[in-house]
Amino acid sequence: MVHQYKNNGYNIVMDVCSGAIHVVDDVTYDVIALFEKCDLEDMKTKLTYTPAEIEEAYGEVEELKKEGLLFTEDNYEDYIQEVKERKTVVKALCLHIAHDCNLACRYCFAGEGEYKGDRSLMSEEVGKAALDFLVANSGNRHNLEVDFFGGEPTLNFGVVRKIVEYGRELEKMHDKHFRFTFTTNGLLVNDEIMEFSNREMDNVVMSIDGRKEVHDRMRPTRGGKNSYDVILPKFLRFAQSRNHQRYYARGTFTRENLDFSQDVIHLADLGFKQISMEPVVGLPEEPYSIREEDLPQIFHEYDLLARELIRRNREGRPFQFFHFMIDLTGGPCVAKRLSGCGSGTEYLAVTPWGDLYPCHQFVGEDEFKVGDVFHGINKPEICDEFRNCNVYTKEKCKECFARFYCSGGCAANAWKFHGNINETYDLSCQMERKRVECAIMIKAAMAEERENMNNGEETQQ
Amino acid sequence: MKHVKTLTGVGNQTCENE
């Protein structure tokens, strides 16, 4: 399978099943488009280039095909089935440390942090039992991830400290290493929390939606007040105190700010270096939910953002955009690429009272409760359903050029919109495809700049 | 190649073995 597209002056050709990515000239781009439809002589009558140009390009395309870098077949379906039958271990837990929040974000999937239940804070006992469960179910794996999530984790930060302290004790006893992370809305962040996080947290996610009017419209306090002016100075100091590493300034965009590239640029102008801006996932009847008709503008915004990223990189003031980060020369193996995010098997969410769910997005949906941290998994059939979920169990993924980068999309979104984790949520898919195209274009631009720089140096010598 | 530049058991993750 080959996917071709033009973006920002680059002709890009993805050989989907080998992972090879080529930047080609116009004649080769057109030859590739016809390569499986007609022969060389036929091409000469259909294309407007000189016969010599077409022959030369055709020869290079043939060579790429021979080297396994173009028109490669997908031979992975049986392999992935075999991989999925292997025993897995639990690698990561999402601890819902607080089902309570001091904000009342309009788009919150957790319903003001309460997940369809009552306000609740995780106890130290449940937190410790969760880490015990993780260690006991992680096999020989050394690195374990634990994310403090909510609601708002700083409403229960004393217990966060106790759990981290307990984790450090377990590390010595069991030859494990915990990577702790947490997400915060910033209202209660203070010097003590920053100092503790900088010492103990591998990553901190700071929730901020961009421009003040955008942020305040969607993220008021429980009392209806604005939050932007309270959190911004704290987040800037927090990011600075982490040397602008191992954090994300993370926002949500909705159909009320479809010009979201401006929010990303706003955050970059403020000085944030690690930025994520993610599309809201809301039910169709919500006024802020993204609709099919919004996609052209969203695609345009991603294009604007990609070009801005290239420009700032060239000017020596780069920033990272989470959804444009892509590793073309390393990256994970094909088994990882095609087998999904790990929810329900390698990744589980823990409620404040210790119940286990396939991921944070399923918490509160009783039919997905798979057990608890005190007694372990008691609904293995649900975990098996998630285990078997992969790009080859989703009809739409089989024909999608982005499947080796996206891994099949979000099971929770599929379930919310189709009642089936083996479905796909089409709006998300379309945005993911666009982001992959932009991310690869950025790599093409960076490669061209490196080449130009090298050529310049050679000329000077 | 004159006409082609090749840039190359989720897209950003590095294998722990790597």
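These are legends for a few close-up views of a predicted model.

**A note on the model.** Local features need pLDDT of at least 70 (pLDDT is the predictor's confidence in each residue, from 0 to 100), side-chain atom pairs count only at pLDDT 80 or more, and totals for chains, interfaces and linings use all residues. Residues are numbered from 1 along each chain as its sequence is written, chains are lettered from A and ligands numbered from 1 in the order written, and side-chain values use heavy atoms, with hydrogens and water left out.

**View 1. Where chain B meets chain A.** Chain A brings 38 residues to the contact and chain B brings 16 (contact means heavy atoms within 4.5 Å). Together the two chains bury about 2300 Å², with 54% of that on carbon and sulfur atoms; buried area is the accessible area (1.4 Å probe) that two parts lose on being put together, summed over both. Polar contacts turn up too: 11 residue pairs across the interface, both residues at pLDDT 80 or more (a pair of N or O atoms within 3.5 Å; within protein, one must be able to donate a hydrogen and the other to accept it, and residues adjacent in sequence count only if both atoms are side-chain atoms).

View 2. Chains B and A share 2 salt bridges (a side-chain nitrogen of Lys or Arg within 4 Å of a carboxyl oxygen of Asp or Glu). B:K5 pairs up with A:E451 in a salt bridge, with 3.4 Å between the closest N and O atoms. B:K5 also sits in β1(B), opposite A:V23. Strand β1 of chain B (residues 4-6) runs antiparallel to strand β3 of chain A (residues 21-24), and 3 bridges join them. Strands pair if DSSP finds at least two bridges between them; strands (E, at least two residues) and helices (H or I, at least four) are DSSP runs, numbered from the N terminus.

**View 3. A:D26 and A:K6 inside chain A.** Here A:D26 makes a salt bridge to A:K6, with the closest N and O atoms 3.9 Å apart. A:D26 belongs to helix α1 (residues 26-34) and A:K6 to strand β1 (residues 2-7), so this pair ties together parts 20 residues apart in sequence.

**View 4. The surroundings of A:Q4.** A:Q4 is in strand β1 of chain A. A polar atom of the A:Q4 side chain lies 2.8 Å from the backbone oxygen of A:Y29, and the A:Q4 side chain also reaches the backbone nitrogen of A:A33 at 3.3 Å. Leaving out residues up to four places away in sequence, A:Q4 touches A:I12, A:V13, A:Y29, A:I32 and A:A33.
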